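User: I'd like to understand the labels used for this structure. Could you go through them with me and show how each one is reached?

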Amino acid sequence: MKKTVNQKAWFLVLPVLLLVGFSAVIPLMTVVNYSIQDTFGNNEFFPVGLEWFEEILHSERIHDALGRQILFTSIIMAIEIPLGIYIALQMPKGGVWASVCLVLISLPLLIPWNVVGTIWQIFARTDIGLLGHTLATLGIDYNYSQDILSAWVTIIIMDVWHWTSLVVLLCYAGLQSIPSAYYQAAKIDQASRWNVFRYIELPKMMGVLLIAALLRFMDSFMIYTEPMVLTGGGPGNATTFLSIDLVKMAIGQFDLGPAAAFSLMYFLVILLVSWVFFTVMSNIDKQEG
Amino acid sequence: MNNAPVKKGFFSSKSPAIMLLYILFLMLPIYWLMNMSLKTNEEILGTFSMFPNDITFDNYIVIFTDPDWYWGYINSMTYVVMNTVISLTVALPAAYAFSRYRFLGDKHLFFWLLTNRMAPPAVFALPFFQLYSSVGLFDTHIAVALAHTLFNVPLTVWILEGFMKGVPKEIDETAYVDGFSFFAFFTKIFTPMIASGIGVAAFFCFMFSWVELLLSRTLTAVDAKSIAATMTKTVSASGVDWGVLSAAGILTILPGAIVIYFVRHHIAKGLSLGRV
């Protein structure tokens with residue numbers, strides 16, 4: 001649709017601007033403020049320049065948390081995106097079954113995040129949980145609150161359980177938009193199933209797939225609640241991801257300066273990656289025109 | 001849409017078995033939670049069984065009779081509804097502007113809105129706490145509702161813009177020619193036309209405000225304590241009350257499970273911020 005130029009449209013955007021300005025810009029300014037100051041208490045602050053940023057950049061604790069975060073995000077994306085595409089291809093195309101599948105598949109997405117943690121906390125316990133109990137009966141040494149590997153496996157399965165459906169739903173929506181003429185043409189050409197996927201379905205899904213990847217990147221990079229409820233960041237610091245570490249630092253220890261510097265860099269990293277995704281996405285939109 | 005028969009292979013045609021397996025994988029943990037919620041604590045810790053031996057609703061009764069628990073639900077509902085109303089009210093005109101007009105800085109503004117959806121709540125937890133404490137809103141529903149607008153307003157704008165793009169511009173122009181003022185046109189003609197979009201946006205505001213824990217827990221203490229916060233504080237001296245915790249969990253899943261049926265065809269659009 002061709003849009004008309006109208007500067008008065010700013011008035012329509014004004015309420016959003018004021019509200020988001022209040023709930024985003026003011027807090028963000030506070031963070032910037034803390035990140036360059038230090039205090040001896042009594043609300044007396046003095047500027048320290050970029051000291052906190054240097055401290056964070058060289059902090060081993062943050063490096064470790066960042067490493068864990070990158071590892072976690074890579075693993076879950078490597079599982080969820082292919083699995084999501086595969087499941088979307090298995091979805092019934094229409095009718096009652098499609099509706100039933102849609103509703104059941106969406107269910108994990110609507111569960112409060114702390115409840116997701118609780119569900120898996122119970123499900124994976126060796127004494128009362130189905131998963132943990134079964135594994136223990138099979139003689140597998142498994143305990144997510146003591147053993148690092150078990151904790152990681154549990155958190156990854158939990159995230160796959162929680163979020164693969166998002167990828168499935170988006171890919172399914174993409175597949176639905178492919179006109180049946182494409183499939184008929186492929187049939188006439190006797191294209192193999194793989195070729196249909198490679199040359200028809202995948203290119204048509206590219207747009208939604210990028211959105212799915214963007215959302216999964218963003219959300220997994222700021223994951224807090226689920227691992228917090230499940231393992232509390234433990235055993236030791238084995239599952240302390242960036243957000244968990246940040247909350248510990250800011251609210252637990254009240255180290256405002258370093259926490260603020262950390263916050264800003266954390267936000268910037270997410271923004272940067274998202275901006276790259278966004279640019280690629282808009283370019284694809286333009287090509288499809 | 002007809003489904004062309006295709007050759008067997010790795011990417012073979014649809015097999016219901018895989019779909020069933022996936023759904024089983026999704027449902028099992030939820031079933032287990034329900035199983036737990038219908039047992040007494042003695043049974044949970046004493047015996048291991050796939051089904052409750054004798055079904056008890058005691059855990060649910062605890063929740064419906066203990067003010068600590070049921071106020072959690074009421075508080076959560078209150079701020080979630082407030083948030084949905086605020087988000088929709090401010091987002092409707094803005095989405096209209098983005099879908100119809102070109103103006104100075106529109107693209108940057110649109111992306112800037114999205115960046116707020118990307119902001120980790122952990123970054124905002126402490127500044128929000130200080131901001132709302134300093135204006136005397138700490139531990140009120142409106143504080144949580146306003147805090148959640150951080151990610152819900154951008155989401156709503158994006159979803160609504162997606163729906164509004166589908167309405168032909170000629171409708172606007174005809175209405176103006178017919179002598180409608182902007183306000184009359186917007187409320188009487190345009191809003192009813194995108195009613196389903198508003199429904200979907202409302203659903204997603206509801207959902208994302210309902211599932212969030214960190215901000216709602218940081219901004220409330222007693223009077224406006226959310227159900228999520230109540231649930232994370234169930235560990236008492238005698239250990240965790242698994243039965244009641246499970247029942248509380250099941251009750252938080254219910255609202256979503258009921259409403260989802262109505263938006264099942266639009267859920268992809270909502271989750272993708274209106275970009276599908």
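Analyst: Happy to; below, each label is set against its definition.
This is a predicted model in which local features need pLDDT of at least 70 and side-chain atom pairs count only at pLDDT 80 or more, while totals for chains, interfaces and linings use all residues. Residues are numbered from 1 along each chain as its sequence is written, chains are lettered from A and ligands numbered from 1 in the order in which they are written, and side-chain values use heavy atoms, leaving out hydrogens and water.

User: Why are H1(B) and H13(B) called oblique to each other?

Analyst: Helices here are DSSP runs (H or I, at least four residues; strands are E, at least two), numbered from the N terminus. The axes of H1 (residues 16–37) and H13 (residues 242–259) of chain B cross at roughly 130 degrees and come within 7 Å. Axes are lines fitted to C-alpha atoms, for helices over the stretch in contact, with angles from 0 to 180 degrees between N-to-C directions. Angles under 35 degrees count as roughly parallel, over 145 as roughly antiparallel, 65 to 115 as roughly perpendicular and the rest as oblique. The angle of roughly 130 degrees therefore makes H1(B) and H13(B) oblique.

User: Which residues meet there, and what classes do they belong to?

Analyst: With contact meaning heavy atoms within 4.5 Å, H1(B) brings B:Ile30, B:Leu33, B:Met34, B:Met36 and B:Ser37, and H13(B) brings B:Gly243, B:Ser246, B:Ala247, B:Gly249, B:Ile250 and B:Ile253. These divide into seven nonpolar, four polar and no charged. For the classes, Ala, Val, Leu, Ile, Met, Phe, Trp, Tyr, Cys and Pro count as nonpolar, Asp, Glu, Lys and Arg as charged, and the others, Gly among them, as polar.

User: What makes H6(B) oblique to H7(B)?

Analyst: H6 (residues 121–134) and H7 (residues 141–164) of chain B have axes that come within 11 Å and cross at roughly 140 degrees, which makes H6(B) oblique to H7(B). B:Phe124, B:Phe128 and B:Tyr132 of H6(B) meet B:Ala143, B:Leu146, B:Ala147 and B:Leu150 of H7(B). By class, this contact has seven nonpolar, no polar and no charged residues.

User: How do you know that A:Asp219 and B:Arg117 form a salt bridge?

Analyst: A salt bridge is a side-chain nitrogen of Lys or Arg within 4 Å of a carboxyl oxygen of Asp or Glu. The side chains of A:Asp219 and B:Arg117 meet at 3.2 Å, N to O, and the rule finds one salt bridge across the interface of chain A and chain B. Over all chains, the count comes to eight.

User: What makes A:Arg216 and A:Asp159 a pair that links distant parts of the chain?

Analyst: Their closest N and O atoms are 2.8 Å apart, forming a salt bridge. A:Arg216 lies in H9 (residues 193–221) of chain A and A:Asp159 in H7 of chain A, 57 residues apart.

User: How much area is buried between chain A and chain B?

Analyst: About 9700 Å², with carbon and sulfur atoms giving 79%; buried area is the accessible area (1.4 Å probe) that two parts lose on being put together, summed over both. In chain A, A:Lys3, A:Leu12 and A:Leu110 lose the most area to chain B, together 8% of what that side buries. The contact takes 105 residues from chain A and 105 residues from chain B.
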